[in-house]
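Subject: Structure handover

Hello,

Here is the structure you asked about. Please open it and keep it beside this email as you read.

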Amino acid sequence: MNHFNYQNRELHCESVPVAKIAAEIGTPFYLYSGATLTQHFKAFDGPFASIPHLSCFAVKSCSNIAILRLFASLGGGADIVSGGELFRALAAGVDPAKIVYSGVGKTREELEYALKTKILQFNIESEQELEALQEVAAQLGVTAPVSFRVNPDVDPQTHAYISTGLAKNKFGIPIETADQVYAKAMQMANIKVQGVSCHIGSQLTLVSPFIESLHKIKIFTKKLAAQGITITHLDLGGGLGIQYDDETPPHPDDYAAAIKKEIADLNCTLILEPGRVIAGNAGILVTRVHYTKHSPTKKFVVVDAGMNDLARPSLYGAYHAIRPVSETDLGSEVADVVGPICETGDFLARDQKVPVSNQGDLLAVMSAGAYGFSMASNYNSRPRVAEIMVSGEQYHVIRARETYENLIKGEAIPEFLMASPDSEHRKTSKS
Ligand code: LLP
């Protein structure tokens, strides 16, 4: 369920016509529905209400501070993977006691920042990272709450680039030998061992891989218990998939029921790190058709958004439905919807059924709320687009469109190049 619907053939976000926003702020822009974000958060978090748990929204999936604030107001925490994401979460008002920190390459500076902030948990992914955390915590004279991310070697049956829990992936510590790292951590003066973590991949459309990893984790926690190590926090990561096209992902109710059944005897606080399942279908990318043209074999619809704005189609061959902002009687046709970037891989849809559209038409790229803006870049020196959040009959600019000035912020021409631009050229051409 989401709040992008047609009223009188005009696409609306809640009660606001998408075309009205486009007319007022220009295109392209990301558009989020506050009501959908709220509804999705509750639909995910609600079924776990009967057990001690915490839903930490995966900041990487949609990082805008207004959106992080919304989830914080609903009782959510944050799953972060960098100092920058910690900064965002704090700026949004997320309670540090609800922040978990994942990722294989945390720097000492980042560890220090998070320790000073007093976050809930560090999800440690290697022995060397553990040693670094012990050192930094000792320097600060504090104790670091730690969970280890184990790699259960389970196939999440998703795109290879977003599988993370296979033995060949860079993530986590092999579950077979992880008890040795726990034993080591137990001896460290500034480490408090509290959890086991696991995140096996993203866009999972089956419950079974989650349950398979849980089985392995349960066996693992028993092994730890036999060594006198008690686990109080179980972090199952994110990964629940959404419908982009014809996928049939499990409903959050079924996902929660299966997990609750499995962990009933574990006596742990459950931590979850959902991203896509909450934000994915709560946002769209709105773009305008610049030109249309035909090659001998194809029709191209050239729009003003490109792979720098939404990387998923180029990066993973991901499907995003394209819908008209104003419905017409022209029907649909197979075409490529492409951006202005100088790369053949710059497409939002390829050989896809899309609305027949003409110059000036507005198109909505659906299911773009997760890993959309947060993966955007300035490639081809394109200012990043605006982000808008609708709440009922109002819309709010939650990130202004970048300007050309923003593009060169921080860049500098060193003194030796400050002479007139072609002086060097003249010198070489004389010699
Ligand atoms: N926790 C950890 C440790 C993660 O690495 C991720 C995602 C999540 C939670 C959230 O997973 P979700 O619930 O959103 O599936 N850019 C890719 C997705 C990369 C996911 C990376 N990790 C895409 O656009 O499909």
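**Ground rules**

This is a predicted model, where local features need pLDDT of at least 70, side-chain atom pairs count only at pLDDT 80 or more, and totals for chains, interfaces and linings use all residues. Residues are numbered from 1 along each chain as its sequence is written, and side-chain values use heavy atoms, with hydrogens and water left out.

Helices (H or I, at least four residues) and strands (E, at least two) are DSSP runs, numbered from the N terminus. Buried means under 20% relative accessible area, exposed means over 50%, and partly exposed is in between (1.4 Å probe, protein chains only).

**The ligand**

The space it takes is the largest pocket. A pocket is found on a 1 Å grid over the protein atoms alone: it is an open set of points where a 1.4 Å probe fits, with protein on both sides within 12 Å along at least five of seven lines. A molecule sits in a pocket if more than half of its atoms lie within 2 Å of the pocket's grid points.

Which residues come nearest to the ligand? There are 19 residues around it, and Ser202, Glu273, Arg312, Tyr316 and Tyr371 come nearest. To count as near, a residue needs a heavy atom within 4 Å of the molecule.

Some N and O atoms are worth a look. A ligand nitrogen is 2.5 Å from an N or O atom in the side chain of glutamate 273. For tyrosine 316, a side-chain N or O atom is 2.7 Å from a ligand nitrogen. Lysine 60 has a polar side-chain atom 3.3 Å from a ligand oxygen. Taken alone, the ligand exposes 590 Å², and the protein buries 92% of that. Accessible areas come from the Shrake-Rupley method with a 1.4 Å probe.

**Salt bridges**

Side chains of opposite charge can pair when their charged atoms come close. A salt bridge here is a side-chain nitrogen of Lys or Arg within 4 Å of a carboxyl oxygen of Asp or Glu. How many are there in the whole structure? The search finds 17.

Lysine 60 lies in the loop between strand S5 (53-58) and helix H3 (65-73), and aspartate 79 lies in strand S6 (residues 77-80), so the pair ties together parts 19 residues apart in sequence. Lysine 60 is partly exposed, at 32% relative accessible area. Aspartate 79 is buried, at 1%.

Next, arginine 108 and glutamate 135. Their closest N and O atoms are 2.6 Å apart in a salt bridge. This pair links distant parts of the chain, 27 residues apart: arginine 108 is in helix H5 (residues 108-117) and glutamate 135 in helix H6 (residues 127-140). Arginine 108 is partly exposed, at 41%. Glutamate 135 is partly exposed, at 40%.

Arginine 149 and glutamate 125 form another salt bridge, at 2.9 Å from N to O. Arginine 149 is in strand S9 (residues 144-151) and glutamate 125 is in the loop between strand S8 (121-124) and H6, so the pair ties together parts 24 residues apart in sequence. Are these two residues buried or exposed? Both are buried.

**Polar contacts**

A polar contact is a pair of N or O atoms within 3.5 Å; within protein, one must be able to donate a hydrogen and the other to accept it, and residues adjacent in sequence count only if both atoms are side-chain atoms.

Tyrosine 32 is in strand S4 (residues 29-33). Tyrosine 32 is buried, at 0%. Its side chain makes a polar contact of 2.6 Å with the side chain of glutamate 387.

Threonine 287 is in strand S14 (residues 283-294). Threonine 287 is buried, at 1%. Its side chain has a polar contact of 2.6 Å with that of aspartate 304.

**Backbone**

The peptide bond from threonine 27 to proline 28 is cis, with omega near -10°. Proline 28 is in the loop between helix H1 (18-25) and S4.

Asparagine 8 has phi near 50°, a positive value in a residue other than glycine. Asparagine 8 is exposed, at 78%. Glutamine 203 also has a positive phi, near 55°. Glutamine 203 is buried, at 11%.

Best wishes

How values were computed
On a 1 Å grid over the protein atoms alone, a cavity is a set of points where a 1.4 Å probe fits but cannot get out, and a pocket is an open set with protein on both sides within 12 Å along at least five of seven lines; lining residues have an atom within 4 Å of a point.
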